[in-house]
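Dear colleague,

My notes on it follow.

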Amino acid sequence: MRRYGKHTDEDDVRVRPNRKGNRPRTSIRPKHEDAAEGFVLTVDRGRLTVLVEDRVIMAMKARELGRKGVVVGDQVAVVGDLSGKKDTLARIVRVEERRSVLRRTADDTDPFERVVVANADQLAIVTALADPEPRPRLIDRCLVAAYDAGLEPLLVLTKSDLAPAAKLMESYGALGLPYVVTNREELAAGEAAERVRERLNGRVTAFVGHSGVGKTTLVNALVPDRQRATGHVNAVTGRGRHTTTSALALPLPGGSGWVIDTPGVRSFGLNHIDPSRVIHAFPDLEPGTEGCPRACSHDEPDCALDQWVADGHADPQRLFSLRRLLATRERREGD
């Protein structure tokens with residue numbers, strides 16, 4: 001049945017009111033050109049702590065970001081109330097392009113990667129020389145993740161008053177890794193923190209390590225005005241208790257760099273990493289791969305790296321180290 005005649009006037013047409021009282025949807029989104037720049041310090045159940053200039057504000061993701069994650073270390077664009085006053089909330093409307101991303105999976109069968117931190121320059125792998133015992137396989141896995149992410153690795157060996165560092169470093173000498181050895185007495189006196197701090201100046205450094213190795217104790221010594229809770233090692237299991245439950249970015253005194261303390265890990269899955277990218281961390285070996293067969297694992301009879309080393313282009317221990325790192329996905333971390 002025709003409601004109106006052939007020659008209706010616009011005044012004759014009834015327009016239904018918008019019951020919701022909101023504006024019609026549009027695909028055009030604001031550009032937020034006036035958004036302030038921020039640096040994400042913490043992420044906790046949908047609420048993010050962001051440093052904007054000299055103010056620390058609380059923020060949440062804007063709806064237009066969708067499922068895009070925001071992690072500690074991200075450079076973001078923020079709008080809204082940027083005063084930093086109590087009970088105020090701003091919105092993160094854009095995540096800037098990341099220059100580096102450190103990722104891990106729960107284990108080597110987990111298809112879902114998790115971003116640990118963004119925009120770090122260096123990965124400090126903290127391990128105790130005793131109590132708990134070192135876990136070289138976990139160190140190897142962290143090294144692979146660092147090389148894949150383009151981060152410079154740094155070994156921080158704690159509790160040297162309980163065991164010497166020489167034995168462990170025999171395995172990593174060929175890699176030419178920078179390292180710092182600390183003990184509890186030097187840490188209490190501030191000497192150890194000063195040696196570590198020299199390696200962190202001017203950089204954003206993510207700290208990783210399994211529970212009980214003294215990672216958070218070291219971070220507390222580096223940033224004494226921001227004390228985080230520490231735990232102890234279980235005398236029966238030899239494992240530490242998780243005390244750091246979320247990542248936190250802390251500025252070094254004097255504004256000379258950033259430390260990102262991350263929760264202790266018991267595993268570091270590498271399911272997301274393409275082994276072919278690990279060779280980029282071995283510039284003395286990489287040219288030798290030109291003669292390798294396609295999809296070479298670099299640990300097979302036809303691998304050209306054996307001849308490259310035999311011709312004197314690289315140290316045999318470097319090739320051994322590469323193959324050990326590439327094989328780490330095939331071994332359990334406790335082996």
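Five strands close into a barrel, in the order 1-2-3-5-4, and their pairing is mixed. From one strand to the next, the twist averages 55 degrees. Strands here are DSSP runs of E with at least two residues, helices are runs of H or I with at least four, and both are numbered from the N terminus. Two strands pair if DSSP finds at least two bridges between them. The angles run from 0 to 180 degrees between N-to-C directions, with axes taken as lines fitted to C-alpha atoms, for helices over the stretch in contact.

Please note that this is a predicted model, in which local features need pLDDT of at least 70 and side-chain atom pairs count only at pLDDT 80 or more, while totals for chains, interfaces and linings use all residues. Residues are numbered from 1 along each chain as its sequence is written, and side-chain values use heavy atoms, with hydrogens and water left out.

V76 has V95 of strand 5 as its bridge partner.

As to the chain overall, it has seven helices and 13 strands. Of its 335 residues, 45% count as buried, that is, under 20% relative accessible area, against over 50% for exposed and in between for partly exposed (1.4 Å probe, protein chains only). The accessible surface of the chain comes to about 19200 Å², and carbon and sulfur atoms account for 47% of that surface; the areas come from the Shrake-Rupley method with a 1.4 Å probe, and for residues only the protein chains shown count as cover. Where contacts (heavy atoms within 4.5 Å) join residues at least 6 apart in sequence, 63% of them link residues at least 24 apart.

R104 belongs to strand 6 (residues 101-104). This arginine counts as buried because its relative accessibility is 18%. Leaving aside residues up to four places away in sequence, R104 touches F112, E113, R114, V116, V265, S267, F268, G269 and H272.

Finally, the cysteines. With a disulfide defined as a pair of cysteine sulfur atoms within 2.5 Å, the count is zero. The closest cysteine sulfur to that of C296 is in C292, at 4.0 Å, and is therefore too far for a bond. C303 is likewise in no disulfide, the nearest cysteine sulfur, that of C292, being 3.9 Å away. C296 is buried at 13% relative accessibility, and C303 is buried with a relative accessible area of 5%.

With kind regards
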